[in-house]
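Hi,

Here is the structure I promised to pass on.

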Amino acid sequence: MKILVTGPCGFVGARIMHMTAGAIASPSLRNMDESAVRQIVESVQPELIVHTAAVSDISACDRDPEASRRANVLLPCWLVKTGVKCVIFSSDQVYSACKGDGPYAEGEVCPGNLYARQKLEMEEKTLAINPDTVLLRATWMYDMPIYGLRNRGNFLMNMLTRSENAFSATQHRAVTYVREVAAWIPQAAQLPGGAYNYGSENDLTALKTAQWLKDRLRLPVRLSDTGQQHHLWMDCAKAKAGGIHFENTVGGLEKCIRDYCL
Ligand SMILES: NC(=O)c1ccc[n+]([C@@H]2O[C@H](COP(=O)([O-])OP(=O)(O)OC[C@H]3O[C@@H](n4cnc5c(N)ncnc54)[C@H](OP(=O)(O)O)[C@@H]3O)[C@@H](O)[C@H]2O)c1
């Protein structure tokens, strides 16, 4: 199957390129208009588009709302308008202002920042254009550095490299091993259109998760409490019903520890 992957040099896209048969790297779509995007899709003629390209940094969205809306809302709409089935990355940030205790199912959205509002607008607009579009709400993801592949600030690297880390003692929040995220892409492409919580679940608080990792790897890191209250954990039953079963957060970290012989 011919799969066009956007953002193929990004953190998630690079892993998808590496792990997905038939993946074809899209050129950078920065500053492209709708007709240029259409031309790329028509020249590749993919059966599926996996769209990871985005302005994924919350503060970068705040610094330039117009540019980030173009990348995070308009660009995915242009891809969907080509008529090719699209699997598009969204974010657990769509739950960032939810007041309930969680874990949150797909219907409970309440975005608490501009990036999250753009992701939610993107979900609504792309589904309106093509109801077969699959939106994957990802959590904060992690991996170890790999030569030649982009890494980014992530939970595991912060724990391994910093002498101090602060996490909330009350906040429930999952982190997900990005290799699981990439591995489930072929199954995600089979899902009926709609938004899916797509990542690990976690019934530990952020601080307890960090404490578990500190103990597991005997890390010399000092941990403290941020005092942050709101939750960001997802109920992934809908994806499970579609055959997608992530490890829970601790299970994903164990898998990563084994993969890299940490
Ligand atoms: N990383 C996480 O923990 C996380 C968590 C939740 C959700 N997500 C979502 O998952 C997806 C992938 O995340 P990621 O961490 O892989 O992102 P990333 O590495 O920050 O960026 C992916 C790619 O987006 C492209 N890009 C950047 N600015 C752009 C712009 N203005 N217009 C068009 N393309 C642009 C770049 O590709 P080129 O250099 O080729 O242009 C970049 O390599 C995103 O949709 C993100 O919002 C990520």
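Two things before you start. This is a predicted model, so I kept to the rule that local features need pLDDT of at least 70 and side-chain atom pairs count only at pLDDT 80 or more, while totals for chains, interfaces and linings use all residues. Residues are numbered from 1 along each chain as its sequence is written.

**Overall**

The protein has eleven helices and ten strands; these are DSSP runs numbered from the N terminus, helices being H or I with at least four residues and strands E with at least two. Its radius of gyration is 18 Å, in agreement with the value near 18 Å for a compact globule of 262 residues (taken over C-alpha atoms; the globule rule is 2.2 Å times the number of residues to the power 0.38). Along the principal axes, the C-alpha atoms fill a box of roughly 50 × 40 × 40 Å. Of the 262 residues, 43% count as buried, meaning 20 or more other C-beta atoms within 10 Å of a residue's own, with 12 or fewer for exposed, partly exposed in between, and C-beta atoms placed from the backbone. Among contacts with a separation of 6 or more, 74% come from residues 24 or more positions apart; a contact is two C-beta atoms, placed from the backbone, within 7 Å.

**The sheet**

You'll see an open sheet of six strands, ordered β2-β1-β3-β4-β5-β9, with parallel pairing (two strands pair if DSSP finds at least two bridges between them). At the edges sit β2 (23-25) and β9 (194-197), each pairing on one side only. From one strand to the next the twist averages 25°, where axes are lines fitted to C-alpha atoms, for helices over the stretch in contact, and angles run from 0 to 180 degrees between N-to-C directions.

β1 (residues 3-6) joins β2 through three parallel bridges, with Ile-3 opposite Ala-23. Helix α1 (residues 11-19) packs on the sheet, touching β1, β2, β3 (48-51) and β4 (85-91), and its direction makes about 155° with that of β1.

β4 is mostly covered, with six of its seven residues buried. Four parallel bridges tie β4 to β3, Ile-49 having Cys-86 as its bridge partner.

**Helix α4**

α4 (residues 65-81) spans 23 Å between its first and last C-alpha over 17 residues, close to the expected 24 Å (1.5 Å times one less than its number of residues). There is a bend of about 35° at Leu-74, and Pro-76 follows within four residues; the bend is the angle between axes fitted to the seven residues ending there and the seven starting there. Its buried residues include Ser-68, Ala-71, Trp-78 and Val-80, and the cover over the buried residues includes α2 (34-44), β3, α3 (58-63), β4 and α5 (114-129). Just after α4, Gly-83 has a positive phi of about 90°.

**Thr-249**

Why does Thr-249 count as buried? Because 27 other C-beta atoms lie within 10 Å of Thr-249. This residue is in helix α11 (residues 249-259). Beyond neighbours within four places in sequence, Thr-249 contacts Ala-174, Val-175, Ser-200, Asn-202, Leu-204 and Thr-209. Thr-249 and Ala-174 are 75 residues apart in sequence, yet 5.9 Å apart in space, C-alpha to C-alpha.

Cheers
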